[in-house]
Amino acid sequence: MKKLYYAAALLLIVLSAFWLQAEPQLWSYDNFFQYRSALVQYSGMLALALMTLTMILALRLAFVERLTQGLDKSYRLHKWLGIAALVTGICHWLLSIIPRYLVSWEILSRPSRSHGPRNPDSFYAVIQPLRHSAEDIGEWAFYAFVILATIALISAIRYSKFKISHRFMSLCYLAIAMHSLILIKHSYWPYPITYICIGLAVLGSLAALWSLLGLIGKSRQHQARISDLKFSPDNQVLELQLAAPTWQGHQSGQFAFLGFAGEPPHPFTIASTNNKSGQLRFLIKELGDFTSTLKDRIKVGDKLRVEGPYGYLAFKDPAPQLWIAGGIGIAVFEAILEERQSCKDSPDAILYYCTSAPNQALIENLIEQAQRARVDLRIINRCKQQATLPARLSVAQLQAEVGDLFARKTWFCGPSAFSGDLRRDFAAIHYPLKHFHEELFEMR
């Protein structure tokens, strides 16, 4: 994951180098407004680059998912680049707005303005009258961007409202891209930085239009029908069986977006292996406003959209493996358990299933599946644990029970707090975290 951030940082460094090439007099300026003009351009270009990357990462493109090694990581990078774009945009706005007030308060003297080339037939003469409008459009788009980014970062807002508000980000981007291109300093035009910014704006605008037209994930969508559903009140899990005739297959550990009528698509782990029958199984835990009412709003025979598969939580490593499932995270491992039953040379695996609301039928099925798959299943039943034992599986317990812990690669699926505890304690005993694999199952 760190490599992705290093790559994004490298892009910004390269962009900065090209900007410096276009500002050869930067270190010899002799007044504040010359530096301010240069920094306004620089911050605007950085914000444009960050927003363009954010837009591209939101498209769920297959080649981008391969580069980031999973849609979950694409969205995590999308989130942090979006935050970086917001911070950079605020800096750009402050550099632009504060000096205006300082001039109006007569703290600074009004700067002399350069009007560019005087040739009335030049292209600059054509766009120069648009500069004032571009400034206004960019300013209002920035205010809208701040509001929409704030909405995106407030997790309490319903997912459906978040998706609708997030769509308007594309409109903001188009306005900001136009603002950026029209306001590039004329002195930059002979330099590569101008063409780089044009390229970024074009790419980002195409991504924005792709989103506005509703084409994200369109090529991976399949029509499906609910063939069976069961709800377990013990652990509040809905088991959903779908028939998707055009489904092209998937790998164990991947997930898909399910689009129910009147709702935006939500991601769920595929709990069945790829049997080429078009039959898909999902385990959906009641965790929020959408999943808590789902069982009352759907029935056998209902049609829905399935989009996928996504994810790179693959189990192909030949090394001995340690699997840890927290709650509904067991869905990932149910798929690989089913797959391993037909594989002859699967690596040794130990599966810890940690649950506070066990379902007896699920546990019995897990025991049977694990035996057939030759997997050592160990169940951590938190509701039956003694008060002296830790609330959940700990690294200390793993050290005591798994003799070859450091020789094993770890696969985890479960709550993010559980993952954070395991990562921290693994790091404390110098277990290599590059061997700790998980799905960062947060889409916002």
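1. Starting with the second largest cavity: sorted by class, its lining has 2 nonpolar, 7 polar and 1 charged residues. The residues in question are Trp-247, His-250, Thr-273, Asn-274, Asn-275, Lys-276, Ser-277, Gly-278, Gln-279 and Leu-280. The space inside this second largest cavity comes to about 40 Å³. Keep in mind throughout that this is a predicted model.

2. Now the largest cavity, which has a volume of about 50 Å³. Around it sit Gln-251, Ser-252, Ala-314, Phe-315, Lys-316, Ile-336 and Glu-339. That lining splits into 3 nonpolar, 2 polar and 2 charged residues. How many cavities of 30 Å³ or more are there? The count is 3. As background on how such gaps are found, rolling a probe the size of a water molecule over the atoms shows where empty space is left.

3. Stepping back to the whole chain, there are 444 residues, and 47% of them count as buried. If you take the contacts with a separation of 6 or more, 74% of them are between residues 24 or more positions apart.

4. On to the packing. The largest nonpolar core holds 41 residues, and Trp-19, Met-45, Tyr-173, Tyr-188 and Ile-193 are those with the most contacts inside it. At least two residues of this core come from each of helix H1 (2–21), helix H2 (32–57), helix H4 (71–104), helix H6 (131–153), helix H8 (169–182) and helix H9 (192–212). Which helix gives the most to this core? H2 does, with 9 residues.

5. Neighbours within four places in sequence aside, Ile-193 is in contact with Leu-15, Phe-18, Trp-19, Ala-22, Met-45 and Tyr-188. Another core lies apart from the largest one; this other core has 21 residues, including Val-332, Ala-370, Ala-373 and Leu-377.

6. Helix H6 deserves a look along its length. H6 has 23 residues and reaches 32 Å from its first C-alpha to its last, close to the 33 Å expected at 1.5 Å a residue. Its buried residues are Ala-134, Gly-138, Ala-141, Phe-142, Phe-145, Leu-148, Ala-149 and Ala-152.

7. Leu-209 is found in helix H9. Is Leu-209 buried, exposed or partly exposed? Its relative accessible area is 41%, so Leu-209 is partly exposed; the band for that label runs between the buried cut-off of under 20% and the exposed cut-off of over 50%. Leu-209 and Tyr-173 are 36 residues apart in sequence, and their C-alpha atoms are 9.9 Å apart in space.

8. Last, have a look at Arg-220, in the loop between H9 and strand S1 (221–232). Why does Arg-220 count as buried? Because its relative accessibility is 16%, and buried means under 20%. What is Arg-220 in contact with, leaving aside its neighbours within four places in sequence? The list is Ala-62, Glu-65, Val-306, Glu-307, Gly-308, Pro-309 and Tyr-310.

Notes
Residues are numbered from 1 along each chain as its sequence is written. This is a predicted model: local features need pLDDT of at least 70, side-chain atom pairs count only at pLDDT 80 or more; totals for chains, interfaces and linings use all residues. Side-chain values use heavy atoms; hydrogens and water are left out. A nonpolar core is a set of buried Ala, Val, Leu, Ile, Met, Phe, Trp, Tyr and Cys residues joined through side-chain atoms within 4.5 Å. Buried means under 20% relative accessible area, exposed over 50%, partly exposed in between (1.4 Å probe, protein chains only). Helices (H or I, at least four residues) and strands (E, at least two) are DSSP runs, numbered from the N terminus. Contact means heavy atoms within 4.5 Å. On a 1 Å grid over the protein atoms alone, a cavity is a set of points where a 1.4 Å probe fits but cannot get out, and a pocket is an open set with protein on both sides within 12 Å along at least five of seven lines; lining residues have an atom within 4 Å of a point. Grid points are joined across faces, edges and corners, and a volume is the space filled by probe spheres set on the points. Ala, Val, Leu, Ile, Met, Phe, Trp, Tyr, Cys and Pro count as nonpolar, Asp, Glu, Lys and Arg as charged, and the others, Gly among them, as polar. The expected span of a helix is 1.5 Å times one less than its number of residues.
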